[in-house]
Amino acid sequence: WAYWGVFGAMNVIMQPWIYDALNALFVLATLGNLAAFAAVLRRGALDLQTLGKVLLGGFWVALVFVALLRWTSLTPASQGRLMFPTIAIVAAFIAHGLWRIHRLALVTGAGGLAILAIAAPFAFIAPAYAPPPDHWERPLGQFLDATFGERAHLVAAESSAAEVATGDEVTLYLNWELLRAPTRNYSVFVHLIDADDVIVAQRDMYPGQGTLALSEQPDGRRWSDRYTLRISPLAHAPRALRWAVGLYDLSNGRRLTLPDGADRLIFGELRLKPRPEARRSPLLRDANGAALLGYSLEGGALRAGGALQVTTRWIAESPPPRDLNMSVQLLDDAANKAAQQDSSPPLSAWPIGQVVTLTHHLALSEDAAPGVYRLLLVWYAPEDFARLGAYDAQGQFVGDQIALTRLRLR
């Protein structure tokens, strides 16, 4: 898709059938070129100079494509537009193939591409960046009546669901009114927090889906916004979550406050549940052949000098190349460690396809400072401490130290 046309920050796409039609055009051109090549072979009219040009062009396309595959294997993304260095050869290939089918096919294909190029900015790009209308799209179910900094009035909210499973998305709809235009352009943050005030998911965005500069809006401006948050498949469940919404200045992080002095509005409730059994698959696949099926926590509220028990469930999907060590740690954002427990599971003895349960006992340091800590999981080689990478359910690399969840130590 990105080769043909994905716009914005890779977030504005055309209708899917357009990409299907463009790919079909390429297939048709390929058939035309193959038929032309077969005709040349039958006539015995293939000269070395023409063959050399074809091979040189094909080599360049193949070289860039292999480089793209290499880049894709190293990054959690893939972009067809990285094939643009070959666009002259590919375009000539398409034009020649269509011409060999019939001149009308070439004229029709070129005309269709020209029309698409002219229409795309108006049909797809401009609507994606159009500011919302000066009214609310619809009434929302929960009346909030919260005013931030005596300027931005959050009128009402509504969640797309009352419960959500780990790995899924949930959308919060908000209706806003600008009482008085601020001197700065504020961003909106939307958090899902648990009972310990730990952020489970978040989304930050300028108002109006990113299209509204509040300092340029008239007093009384109204708009509706939506904020879609994705819950990590690794999130601990079940538990109850709440919404937290506020506005802040991106340049310095300062937040607008409510009349009571709070810098965010907390409301609603969302039930986070484990993934349904029908969708159960490994959360992570490690390079050692072990796959993480799930985990659970025991120990109650975290406190300095306390304990946390972590139970992980694994399955060996392939024979491991060697035995490795596993480390489970509690670290804050400044890399201060509250607890760590290392073990040497006998990977080579795990039966292929059988579930293995491991229990990790973490003793928290007596002088551990209060705050939010990441529960990290790491596989490493005992001889050189080299860490092994892990991949998510889609096969994308997610790192060599995995944050399972975040916990608050009081």
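Helix 4 (87-101) has 15 residues in this predicted model. At 1.5 Å a residue, helix 4 should span 21 Å, and its end C-alpha atoms do lie 21 Å apart, so expectation and model agree. Four residues of helix 4 are buried: Val90, Ile94, Gly97 and Leu98. Because they cover an arc of only 95 degrees around the axis, they sit on the same side of helix 4. What does that buried set pack against? The partners are helix 1 (2-5), helix 2 and helix 5 (103-128).

Turn now to helix 2, which runs over 16-43. Helix 2 has 28 residues. From its first C-alpha to its last it reaches 41 Å, close to the 40 Å expected at 1.5 Å a residue. Its buried residues are Ile18, Tyr19, Leu22, Leu25, Ala29, Gly32, Asn33, Ala36, Ala39 and Val40. They pack against helix 1, helix 4 and helix 5. Just after helix 2 comes Gly44, with a positive phi of about 65 degrees.

Next, the largest pocket. It holds about 640 Å³ of space. Its lining counts 22 residues, and the closest to the pocket centre are Asn33, Phe37, Val54, Phe93 and His96. Asn33 is also among the buried residues of helix 2. Which helices each supply at least two lining residues? Helix 2, helix 3 (48-74) and helix 4 do. By class, the lining has 13 nonpolar residues, six polar and three charged.

Technical notes: Residues are numbered from 1 along each chain as its sequence is written. This is a predicted model: local features need pLDDT of at least 70, side-chain atom pairs count only at pLDDT 80 or more; totals for chains, interfaces and linings use all residues. Side-chain values use heavy atoms; hydrogens and water are left out. On a 1 Å grid over the protein atoms alone, a cavity is a set of points where a 1.4 Å probe fits but cannot get out, and a pocket is an open set with protein on both sides within 12 Å along at least five of seven lines; lining residues have an atom within 4 Å of a point. Grid points are joined across faces, edges and corners, and a volume is the space filled by probe spheres set on the points. Ala, Val, Leu, Ile, Met, Phe, Trp, Tyr, Cys and Pro count as nonpolar, Asp, Glu, Lys and Arg as charged, and the others, Gly among them, as polar. The expected span of a helix is 1.5 Å times one less than its number of residues. Buried means under 20% relative accessible area, exposed over 50%, partly exposed in between (1.4 Å probe, protein chains only). The arc is that of the directions from the helix axis to the C-beta atoms. Contact means heavy atoms within 4.5 Å.
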